[in-house]
Amino acid sequence: MLLLTKLPKNPQTMYFGLIGGGFSFVLLFFVHSVPLAWMCELMGGILFPLFNAQSAAIFQREAPRDRLAQLSAVRLFFLRVTMPLGILFASLPFLALNIRHVYIGIGSLIILPGLYYLIASYQPKKTLIPEKHES
């Protein structure tokens with residue numbers, strides 16, 4: 001908790017947490033000992049909350065106050081609906097993938113969007129609505 005109060009509250013911190021958490025899954029593909037796997041999980045456990053805390057803070061800051069309760073319920077609904085996907089990935093024997101391949105696949109699915117949005121967050125914002133110049 002103390003760590004989260006000292007970090008900058010910006011999208012780059014959020015994407016760094018997402019990429020770092022996904023990287024912990026990718027590292028599990030390469031690790032062959034249990035203590036090193038614990039270290040990978042510790043790294044993911046430290047970095048993923050950066051994403052969760054920043055995401056929740058940005059959501060609460062940007063959502064309209066009169067719709068915050070409804071939007072929070074929808075956000076939680078999507079979270080709960082997608083939880084069974086973890087069970088699906090872990091229990092599909094016909095894919096002929098061992099658990100290491102599943103870890104690298106899940107890690108890549110987490111890292112790639114995180115990298116895209118991290119890079120996009122450094123690009124200047126382009127709007128479709130032209131600015132009105134006062135004459």
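The structure holds one salt bridge, a term for a side-chain nitrogen of Lys or Arg within 4 Å of a carboxyl oxygen of Asp or Glu. Its partners are the side chains of arginine 61 and glutamate 62, at 3.6 Å from N to O. Arginine 61 counts as partly exposed because its relative accessibility is 48%; glutamate 62, at 57%, counts as exposed. Here, buried means under 20% relative accessible area, exposed over 50%, and partly exposed in between, with a 1.4 Å probe and protein chains only.

Please note that this is a predicted model, in which local features need pLDDT of at least 70, side-chain atom pairs count only at pLDDT 80 or more, and totals for chains, interfaces and linings use all residues. Residues are numbered from 1 along each chain as its sequence is written, and side-chain values use heavy atoms, without hydrogens and water.

I turn now to the chain as a whole. The protein chain has six helices and zero strands, where helices are DSSP runs of H or I with at least four residues, strands are runs of E with at least two, and numbering starts at the N terminus. Of its 135 residues, 22% count as buried. Contact means heavy atoms within 4.5 Å. Among contacts between residues at least 6 apart in sequence, 70% join residues at least 24 apart.

Finally, consider isoleucine 46. Which helix holds isoleucine 46? The residue lies in helix α3, which spans residues 34–62. Isoleucine 46 counts as partly exposed, because its relative accessibility is 44%.
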